[in-house]
Amino acid sequence: MYSSVVPSTEYLHTVNDGGRNYTVCLLERKCVCGRFQVDELSCPHAWAVLKSKFLMPEEYCSNYYKPNTIVMTYDVPVYPLLDRNDWNIPAHVAEEVVLPPKWKRPPGRPKKKRDKPSSELLQPKNQHSYSICGQGGHNKRTCRNALRNK
């Protein structure tokens, strides 16, 4: 899977994954791939470090993923709503008028809008040339020039 896990310090390690190096910091729970700190779960690189150091991966994941926390989410009772006629809606909310959007999204795949860098905007467009006569602005069918000597 991973060719090598090289420790730099007690908490900082470099993992070689298919020719690419990833730095993992166990103290801050970070990896350069970004998944360790965003998901708060051990990414494959952190998993390789934890496995090489014989550490428990459960200690390096967020409490939100642990079984006790998941069970606690169901401890709070959820009561069903009353009948709609029995709802107590404030007057300022009941008077609020919500209108539909003013435009509809057109059907089909959305067009790609790419932000071009200024260097690309300043360059002239590529001028193609016809290979037989060597001049641009036309093709084989519309060429009126003499053949280029090779």
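## The loop between α1 and α2

Glu-40 sits in the loop between α1 and α2. Helices here are DSSP runs of H or I with at least four residues, strands are runs of E with at least two, and both are numbered from the N terminus. Phi of Glu-40 is near 55°, a positive value in a residue other than glycine. Glu-40 has a relative accessible area of 40%, so this residue is partly exposed. Buried means under 20% relative accessible area, exposed means over 50%, and partly exposed lies in between (1.4 Å probe, protein chains only).

This is a predicted model, in which local features need pLDDT of at least 70 and side-chain atom pairs pLDDT 80 or more, while totals for chains, interfaces and linings use all residues. Residues are numbered from 1 along each chain as its sequence is written, and side-chain values use heavy atoms, without hydrogens and water.

## Overall layout

The chain has five helices and four strands. From the N terminus on, the order is β-β-β-β-α-α-α-α-α. Of its 150 residues, 15% count as buried.

Residues 24 or more positions apart account for 21% of them. The accessible surface of the chain comes to about 14,100 Å², and 55% of it belongs to carbon and sulfur atoms. These areas come from the Shrake-Rupley method with a 1.4 Å probe; for residues, only the protein chains shown count as cover.

## The sheet

Four strands make an open sheet in the order β1-β2-β3-β4, with antiparallel pairing. The edge strands are β1 (4-7) and β4 (30-31), each pairing on one side only. Two strands pair if DSSP finds at least two bridges between them.

β1 and β2 form a hairpin with four residues between them. They pair in the antiparallel sense over four bridges. Ser-4 has Asn-16 of β2 as its bridge partner. β2 and β3 are antiparallel too, over six bridges. Here Thr-14 has Thr-23 of β3 as its bridge partner.

## A buried histidine

His-13 lies in strand β2 (residues 12-17). Its relative accessible area is 3%, so His-13 is buried. Leaving aside residues up to four places away in sequence, His-13 touches Val-5, Val-6, Pro-7, Ser-8, Tyr-22, Thr-23, Val-24, Leu-26, Val-49 and Lys-53.

## The nonpolar core

The largest nonpolar core has twelve residues: Val-15, Tyr-22, Val-24, Leu-26, Cys-31, Phe-36, Cys-43, Ala-46, Ala-48, Val-49, Leu-50 and Tyr-60. β3 (20-25) and α2 (44-52) are the elements that give two or more residues to this core. α2 gives the most, with four residues. A nonpolar core is a set of buried Ala, Val, Leu, Ile, Met, Phe, Trp, Tyr and Cys residues joined through side-chain atoms within 4.5 Å.

In α2, the buried residues are His-45, Ala-46, Ala-48, Val-49 and Leu-50. Their cover includes β1, β2, β3, β4 and α1 (35-39). After α2 comes Phe-54, with a positive phi near 55°.

Phe-36 is one of the core residues. Not counting residues up to four places away in sequence, Phe-36 touches Val-24, Cys-25, Leu-26, Arg-29, Lys-30, Cys-31, Leu-41, Ser-42, Cys-43, Ala-46 and Tyr-60.

## Between β3 and β4

Arg-29 is in the loop between β3 and β4. Its phi is near 55°, again positive in a residue other than glycine. With a relative accessible area of 36%, Arg-29 is partly exposed.

The structure holds one salt bridge, meaning a side-chain nitrogen of Lys or Arg within 4 Å of a carboxyl oxygen of Asp or Glu. The side chains of Lys-30 and Glu-28 form it, at 3.8 Å from N to O. Lys-30 counts as partly exposed, at 41% relative accessibility.

## A nonpolar surface patch

Leu-81, Leu-82, Trp-87, Ile-89 and Val-93 make a nonpolar surface patch of about 540 Å². Patch residues have over 30% relative accessible area and no salt bridge; nonpolar side chains (Val, Leu, Ile, Met, Phe, Trp, Tyr) are joined within 5 Å, like charges within 9 Å.

Trp-87 lies in the loop between α3 (67-72) and α4 (91-94). Its relative accessible area is 39%, so Trp-87 is partly exposed.

Note on methods
Contact = heavy atoms within 4.5 Å.
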